[in-house]
Amino acid sequence: MTTHTHKKTIIAALLMLLTCACVSACLRVSADELYQLPQMSEEYMKLQEQINAVLSSGAEYSSLTSGPYRQAVQLYDLDSDGVNEVIAFFSVPSEGALKVYIFKNIDGDYAVAAIIEGMGSAFESVRYIDMDGDGVLEVVVGWQMGAALKLMEIYSIKDYHSVLLAWSEYSNVTVFDLNDNGNYDVIVLRLPTEEAGAFAEVLMMMPDGEIIKAETRLSNGVESISRVLAGRLTDGVPAVFVDSEGRFDDGGAVAMVTDILVYRNGSFENISITGSGGISEDTLRTRMLQCSDINDNGIISVPVPRLLKAQSETNYYAIDWYAFSSDGNSSLSQLSRTARFTYTPEGEPFCISTAFSISATDDSCGALSVVFSAPSFSPLLIASTLWCCTRRSVSSYS
Ligand SMILES: [Ca+2]
Ligand SMILES: [Ca+2]
Ligand SMILES: [Ca+2]
């Protein structure tokens with residue numbers, strides 16, 4: 001390990017301690033532990049000095065409530081020079097403000113390089129992504145404005161001048177390279193309001209720094225977003241898969257639907273909405289089963305339960321996993337030989353079915369191994385297999 005790497009490791013370790021300083025349990029770090037790192041203590045103390053200056057102005061550490069990075073002090077190499085910047089999140093109660101301080105390490109000393117300021121009750125999330133490929137990461141901050149209102153802002157910190165590039169209200173924010181050009185894009189989802197239905201918006205950064213936005217609708221009836229997954233379609237096109245719960249028919253029962261969003265030929269489209277109802281009908285299901293890359297090939301599949309014929313009063317279902325192409329057509333996914341049974345929240349087993357032979361191992365039932373083989377594959381065969389599986393799982397799930 002080089003001295004440099006070692007130093008970085010020690011800084012990381014110290015910063016973790018620092019981040020924990022607002023948590024009482026971490027105050028018990030003994031002085032001896034710190035004194036074991038004499039080489040780094042000076043650098044660490046310089047950073048601490050900078051942070052203390054912010055704290056003494058009435059600021060408090062503010063950790064984030066959601067997203068991939070939640071600590072009040074974070075390390076990230078924002079300018080791709082191989083040295084991590086320190087990003088610290090504060091609330092300033094006296095001003096009703098939230099502030100993000102970016103400290104840059106310059107020859108072992110720390111200086112405030114940029115400050116991002118916003119309003120709100122808390123930091124919801126932050127992401128560091130390069131949206132234009134210049135090596136300087138853009139900072140995507142989610143501000144919690146009220147109980148239901150969240151505001152996403154994209155900041156450029158090029159040359160350490162923080163510049164607000166774009167903003168959008170959101171329920172969910174996802175970052176993904178939707179147009180396959182090597183740069184991250186931001187995808188924002190919004191739940192319906194009295195004025196408008198649920199919709200999605202993509203924000204992309206042009207080489208000149210301008211952000212372009214495009215919108216597309218989510219299925220009519222969406223009430224809440226269950227999960228968002230990014231992956232590919234069968235023809236290799238990148239797509240965002242939005243699993244939502246809502247009421248999609250007059251009966252009013254809660255169901256799940258997957259909206260599949262792609263960006264092609266300069267437009268943002270929901271390719272799974274078919275027909276006049278404005279609903280992604282091919283993905284509609286009464287069971288709350290989420291999309292998955294079920295066979296680890298990068299292509300996301302949608303689980304659609306199918307009622308099986310069975311000699312039982314209980315309804316049993318097979319799950320057909322459908323993958324989609326960018327023209328909206330679906331096909332059964334080929335499953336790998338390690339495909340597993342999936343359980344509903346009620347503990348009811350669902351078999352995975354496919355037109356191809358698979359071997360499924362149900363870990364929670366022990367070493368039960370079930371082989372469905374084409375061409376003898378049939379719904380009845382799966383039903384009888386399910387019986388076996390169900391009996392095995394009765395002790396665990398009833
Ligand atoms: Ca850096
Ligand atoms: Ca950039
Ligand atoms: Ca992109």
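# Note on the predicted model: strands, turns and confidence

1. **The E15–E16 pair.** Strand E15 (residues 238-247) pairs with E16 in the antiparallel sense, over eight bridges. Strands here are DSSP runs of at least two residues (E), and helices are DSSP runs of at least four (H or I), both numbered from the N terminus. Two strands count as paired if DSSP finds at least two bridges between them. In this pair, Ser244 has Val257 of E16 as its bridge partner. Six residues lie between the strands of this hairpin, and Gly252 takes a positive phi near 85°.

2. **Basis of the note.** This is a predicted model, in which local features need pLDDT of at least 70 and side-chain atom pairs count only at pLDDT 80 or more, while totals for chains, interfaces and linings use all residues. Residues are numbered from 1 along each chain as its sequence is written, with chains lettered from A and ligands numbered from 1 in the order in which they are written.

3. **Overall make-up.** The protein chain holds four helices and 24 strands. Of its 398 residues, 35% are buried. Buried means 20 or more other C-beta atoms within 10 Å of the residue's own; exposed means 12 or fewer; partly exposed is in between; the C-beta atoms are placed from the backbone. Among contacts with a separation of 6 or more, 47% join residues 24 or more positions apart. A contact needs C-beta atoms, placed from the backbone, within 7 Å.

4. **Confidence.** The average pLDDT of the protein chain is 79, and 70% of the residues score at least 70. pLDDT is the predictor's confidence in each residue, from 0 to 100. Two stretches deserve a flag. Over residues 20-29, pLDDT stays under 50, and the model has seven contacts beyond four places in sequence for them. Over residues 336-398, pLDDT also stays under 50, and here the model has 100 contacts beyond four places in sequence.

5. How many residues of strand E16 are buried? Eight of the 11 (residues 254-264) are, so the strand is largely enclosed by the rest of the structure. E16 also pairs with strand E17 (residues 267-270), antiparallel, over four bridges. Tyr263 stands opposite Phe268 in E17. The two strands form a hairpin with two residues between them.

6. **Val262, a buried position in E16.** Val262 is found in strand E16. It has 24 C-beta neighbours inside 10 Å, so Val262 counts as buried. Val240 is 22 residues away in sequence, yet the C-alpha atoms of Val262 and Val240 are 6.7 Å apart. Beyond four places in sequence, Val262 is in contact with Val237, Ala239, Glu269, Ile271 and Ser326.

7. Most residues other than glycine have a negative phi. Asn265 is not a glycine, yet its phi is positive, about 50°. Asn265 sits in the loop between E16 and E17. Asn265 has 6 C-beta neighbours inside 10 Å, so it counts as exposed. Asp159 also has a positive phi, near 55°. Asp159 lies in the loop between strand E8 (150-156) and strand E9 (163-170). With 10 C-beta neighbours inside 10 Å, Asp159 counts as exposed.

8. **An open four-stranded sheet.** E10, E11, E12 and E13 form an open sheet in the order E10-E11-E12-E13, with antiparallel pairing. Which strands stand at the edges? Strand E10 (172-176) and strand E13 (211-217) do; each has a single partner strand, so one side of each is left without a neighbour in the sheet. The twist averages 20° from one strand to the next, taken between N-to-C directions on a scale from 0 to 180 degrees, with axes as lines fitted to C-alpha atoms (for helices, over the stretch in contact). Strand E12 (residues 199-205) and E13 run antiparallel and are joined by seven bridges. Val202 stands opposite Ala214 in E13.

9. **Met131, a buried loop residue.** Where is Met131 found? Met131 is in the loop between strand E6 (122-129) and strand E7 (138-144). Is Met131 buried or exposed? Met131 is buried, with 25 other C-beta atoms within 10 Å. Tyr184 is 53 residues away along the chain, and the C-alpha atoms of Met131 and Tyr184 are separated by 4.8 Å. Apart from neighbours within four places in sequence, Met131 is in contact with Glu138, Asn183, Tyr184, Asp185 and Met205.

Definitions and conventions: Two residues are in contact if their C-beta atoms, placed from the backbone, lie within 7 Å.
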